[in-house]
Amino acid sequence: MPRQAGLRILNNLFYCEISMQIRKNYKKADFMTDRAKNILGEVFGYSEFRSHQKKIIENVLKKRDTLVIMPTGGGKSLCYQIPALIFNGLTIVVSPLISLMKDQVEQLTELGVSALFLNSSLSTEEYGRNIDLLKKNKVKLLYIAPETLLMPRTLSLLSSLAVDCMAIDEAHCISEWGHDFRPEYRQLSDVRTRFPSATCIALTATATQRVREDIKSSLGFDVSNEFIASFDRKNLFINITSKDNPVSQTLDFLSSHSGESGIIYCFSRKQVDDLYRTLEENGYSVKPYHAGLTDKERAYNQELFIKDDVQIIVATIAFGMGINKPNVRFVIHFDLPKNIETYYQEIGRAGRDGLNSFCLLLFDYGDIQKIKYFINQKSETEQRIANVHLSALLQFAETEICRRRPLLSYFGENYPANKCGMCDNCLAGDKNLVDITVLAKKFLSCVKRTNEMFGINHIIDVLRGSQSQKVYNFEHEKLSTYGIGKDYTRKQWFHLARQFINKGLMIQDEKYGGLKLTEKAYDVFKGQETVLGMIEVERMANVKKKETETEYDYDRILYEKLRKLRKDLADKAGVPPYVIFSDKTLIEMAVFYPRSKESLLYVYGVGSVKQKKYGSYFLDIINSHCKEHQI
Ligand code: ADP
Ligand code: ZN
């Protein structure tokens, strides 16, 4: 591939240029930290380190083993990429997924950093060429699959080179307690002994204590070198709303997100196919993704999404591992996820670029019974664990307080504020908390009069005066509570019933869903207890206002022009558009209208190499746009 080889040579030249510039600028204050900061700006085009990045980089530069726990999109890669540019020797990055390696190498190459990968996807020729570059010490970062690294010939080659750092990405793969155990990862501690002067940095987004301990002990780490970032993803707007008419709710949502990239997760393949067809019929740019498609179809649909050729992916949970697309603007859960950890991982795929992104969960009380049914098929121990997960998820979904509090507390973190301002509950405000004692009395007495044998559905039928056969079979139309709840919709009663359970006024049978009253219910009857809660109203209206607010008010016409240019450049170079510039970079251009090469360097994500490579194309568009609109 002559194009790639050419690019690589060019990039090596760029890299030399950068390091010369850095050396020149910092002859006097040649401190590691300053160099790190300088590289952050020069190469990556960012002005500030994010939380912990600076300390982590300093720790690695001091050649201390380091464990990094940071959520998806937190900025883990820079923690080893910047030291790699400062160390004289090579940095080896162990990564489990070929797609991630390719993505990282593409991005680094665009930044003018000499990086390459070794894995089974390379042809013999490409492999040989990469080995050659390594032997000539032309490489700063080598991404490698664990099984490739463990091959004796790879090990002996790498042992002959100066290796300064070994980064272990997705380090939870080391642990049998993680969700993605890879046996080869276990052998990495042995590999370390082959590189005595290399320091080790392990990175993961998995927060569980058990996995952390496993990583440290398996790699022989010291406790003091652990960095745990907050799991709060501030730019994600969290909204949970009850599932009413999911298709029209989804269409409604999409109509206010036109042109944005997003993922919709469904429970089953059939649902994926149905929803995909509906969206396509409605004119959306959309593709399906699930295990029923061939590998080729899946890879193709994923590629279209990554390259911004397709806007929406409707997928089962199988989608998302190994994609690094930073401008995913929304994630919709069409169905209830399995547990909070899965949910958080999935919504974590939105907004990696730090721009506000939207997470919508359509919550159906009926889904709970479905999940309970599946849980009941499991062994006793598995049931216990699954029930704990489910009740944590329900607690989160049904909470009336800021959603970040139960969410982060699940990950062992104390959310310090009362309100985040970025969830539906915070926007709804306290005013929705009303006295629902009368409604509680109606519901609870209906439970009592039907002899505490029935589930929520049936009680609502009786309250709303349903003509269903089941009601007549039990002669429940004769009860005094029959038809006394017609003022509220079925959905509102469901929501109320869940609150009564949450408040301990009644309990629900795990297996069959039957309701029973508690002592507290009798206090309500006696008038000794007031019940405060929420009556569900359509909350999407005020939520919509918030979500469309962005950090800046930018020139949308210019933004679209820049986006088109970016797509053309990306297609020409055969990379995804975000590898050229992120959305945030384009937005800043459409806010500040940089007119010269120098001012372009102040824009987020524009480093010196990209400025030289692409600056003039973007400046041309900005300048002619400004002329046209007399800006
Ligand atoms: P992770 O590996 O933790 O999921 P990444 O390393 O992919 O996250 O970083 C997510 C995004 O944030 C990337 O686009 C990255 O370039 C960007 N980023 C990282 N650090 C900074 C920073 N200090 N300032 C601005 N953007 C950053
Ligand atoms: Zn909140």
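In which helix does Arg498 lie? Arg498 lies in helix H23, which spans residues 490-502, helices being DSSP runs (H or I) of at least four residues, numbered from the N terminus.

## Basis of the model

This is a predicted model, in which local features need pLDDT of at least 70 and side-chain atom pairs count only at pLDDT 80 or more, while totals for chains, interfaces and linings use all residues. Residues are numbered from 1 along each chain as its sequence is written, and side-chain values use heavy atoms, with hydrogens and water left out.

## Arg498

Arg498 counts as buried because its relative accessibility is 8%, and buried means under 20% relative accessible area with a 1.4 Å probe, protein chains only. Leaving aside neighbours within four places in sequence, Arg498 is in contact with residues including Tyr365, Glu398, Ile456 and Gln508, contact meaning heavy atoms within 4.5 Å.

## The zinc site

The zinc ion (ligand 2) is coordinated at 2.3 to 2.4 Å by the SG atoms of Cys402, Cys420, Cys423 and Cys426, where donors are N, O and S atoms within 2.8 Å of the metal (3.2 Å for Na, K and Ca). In sequence these donor residues follow the spacing C-x17-C-x2-C-x2-C, and both Cys420 and Cys426 are buried.

## Contacts between H20 and H21

Lys442, Phe443, Cys446 and Val447 in H20 meet Ile456, Ile459, Ile460, Val462 and Leu463 in H21.

Definitions and conventions: Chains lettered and ligands numbered in written order. Buried < 20%, exposed > 50% of the residue type's maximum accessible area, 1.4 Å probe, protein only. Helix = DSSP H or I, 4+ residues; strand = E, 2+ residues; numbered from the N terminus.
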